[in-house]
Amino acid sequence: MSAPRGLRVAVTRPAVQAHEWVARLQAAGIDAFALPLIEIVPAGDPEALVDAWASLASRTLVMFVSPNAVLHFFAARPQGTAWPVHALAAAPGTGTGDALVASGLVPAQIVMPSADAMQFDSEALWARIHDRDWRGARVLVVRGDGGRDWLADRLVEAGAVVQAVTAYRRVVPRYEGAALEALEAASRPGGAIWLLSSSQAVDHLEQVAGHGRWADAWAVATHPRIAARARRAGFGRVE
């Protein structure tokens, strides 16, 4: 992706991941800035995460839906609790896989789409694991509030016993001061290229910036579902 001269790229991922993406884009010569449209906050029931850690010895697979799922799950690890050597950790993409490695797992404990996969999502992950025998396997899905159940449904159909635990919640950020000014500037016609990596980010953008403002806006989406959501919001150009 190359931005026209003078047009900046608004990276809308949650703050930690947004700043990582901004650094990489700037290193590639792209004028990018962080404008998170999702704020990550802890789940409301921390004891559920402690109980989930206690259940890992009986799990065949633990599926993490995002890097934030990894960060919040491992932040709740009880002192002295180790990851079971037999349990696999599943990641839908390289960002989540990197977070698992940073949390102490080794690549042999992680299953995820290949680095050259056409896209990183539940479907690509299922393509890697669907031929295993899942009958009677106990699977834990570590997720945020809401989200898709597509992979969990496939595992259940294959005979697995699937449970989920909420590790974090996604809320609309509060925009004040410089953040509010940046949001308003980016929302003006031609104000920014919107880099969208979540359909929920588009939901939040409409909530905080208003409907019907995007006919002259350009969005770059990381997945076809997100692109479809941007088109429904009225973005004039979506890639």
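Trainee: Which way do Leu-61, Met-63, Val-62 and Phe-64 point from E4?

Mentor: In this predicted model, Leu-61 and Met-63 point one way from E4, while Val-62 and Phe-64 point the other way. All four of these residues are buried.

Trainee: Which strand pairs with E4 in the parallel sense over 4 bridges?

Mentor: That is strand E7, residues 138–144, which pairs with strand E4, residues 61–64. Within this pairing, Leu-61 stands opposite Val-139 in E7, and Phe-64 stands opposite Val-142 in E7.

Trainee: And how many bridges join E4 to strand E5?

Mentor: There are 3 bridges between E4 and strand E5, residues 88–90, and the two run parallel. Met-63 stands opposite Ala-90 in E5.

Trainee: What is the order of the strands in the open sheet of 6?

Mentor: The order is E3-E8-E7-E4-E5-E6, and the pairing is mixed. Its edge strands are E3 (39–42) and E6 (110–111), each of which pairs on one side only.

Trainee: What holds paired strands together in general?

Mentor: Strands of a sheet pair through backbone hydrogen bonds, in either a parallel or an antiparallel manner.

Trainee: Back to E7. Why is it described as largely enclosed by the rest of the structure?

Mentor: Of the 7 residues of E7, 6 are buried, so the strand is largely enclosed by the rest of the structure. E7 is also joined to E8 by 7 bridges, and these two strands run parallel. The bridge partner of Val-139 in E8 is Val-162.

Trainee: Which strands does helix H3 lie across?

Mentor: Helix H3, residues 67–75, lies across E3, E4, E7 and strand E8 (161–171). The helix runs at about 100 degrees to E8.

Trainee: Now the core. Which residues touch the most other members of the largest nonpolar core?

Mentor: They are Phe-64, Phe-73, Trp-83, Trp-194 and Phe-235, in a core of 50 residues. Apart from that core lies another, of 15 residues, among them Met-63, Leu-88, Val-139 and Leu-151.

Trainee: What does Phe-64 touch, not counting residues up to four places away in sequence?

Mentor: Its contacts include Ala-69, Val-70, Phe-73 and Phe-74. Trp-83, Pro-92, Leu-100 and Val-142 are also among the residues that Phe-64 touches. Thr-96 is another of its contacts.

Trainee: Is Thr-96 buried or exposed?

Mentor: Thr-96 has a relative accessible area of 4%, and is therefore buried. The residue lies in helix H4, residues 94–102. Leaving out residues up to four places away in sequence, Thr-96 touches Phe-64, Val-65, Ser-66, Pro-67, Val-70 and Ala-91.

Trainee: Where is Gln-17 found?

Mentor: Gln-17 is found in helix H1, which covers residues 15–27.

Trainee: Why does Gln-17 count as buried?

Mentor: Gln-17 has a relative accessibility of 5%, and the limit for a buried residue is under 20%.

Trainee: Which residues is Gln-17 in contact with, leaving aside neighbours within four places in sequence?

Mentor: Gln-17 is in contact with Pro-67, Asn-68 and Leu-71. As for Ile-38, 21 residues apart from Gln-17 along the chain, the C-alpha atoms of the two are separated by 11 Å.

Trainee: A change of topic: what is the order of the open sheet that 5 strands form?

Mentor: That sheet has the order E2-E1-E9-E10-E11, with parallel pairing. Its edge strands, each pairing on one side only, are E2 (32–34) and E11 (237–238).

Trainee: How many bridges join strand E1 to strand E9?

Mentor: Strand E1, residues 9–11, and strand E9, residues 193–196, run parallel and are joined by 3 bridges. Ala-10 has Trp-194 as its bridge partner in E9. Trp-194 was also named for its contacts in the largest nonpolar core.

Trainee: How many helices and strands does the protein have overall?

Mentor: The protein has 9 helices and 11 strands.

Trainee: What about its radius of gyration?

Mentor: The protein has a radius of gyration of 19 Å, which agrees with a compact globule of 239 residues, for which the value would be near 18 Å. The C-alpha atoms fill a box of roughly 55 × 35 × 35 Å along the principal axes.

Trainee: And what share of the residues is buried?

Mentor: Buried residues make up 47% of the 239. The protein exposes about 11800 Å², of which carbon and sulfur atoms supply 52%.

Terms used: Residues are numbered from 1 along each chain as its sequence is written. This is a predicted model: local features need pLDDT of at least 70, side-chain atom pairs count only at pLDDT 80 or more; totals for chains, interfaces and linings use all residues. Side-chain values use heavy atoms; hydrogens and water are left out. Two strands pair if DSSP finds at least two bridges between them. Contact means heavy atoms within 4.5 Å. Axes are lines fitted to C-alpha atoms, for helices over the stretch in contact, and angles run from 0 to 180 degrees between N-to-C directions. The radius of gyration is taken over C-alpha atoms; the globule rule is 2.2 Å times the number of residues to the power 0.38. Buried means under 20% relative accessible area, exposed over 50%, partly exposed in between (1.4 Å probe, protein chains only). Accessible areas come from the Shrake-Rupley method with a 1.4 Å probe; for residues, only the protein chains shown count as cover. A nonpolar core is a set of buried Ala, Val, Leu, Ile, Met, Phe, Trp, Tyr and Cys residues joined through side-chain atoms within 4.5 Å.
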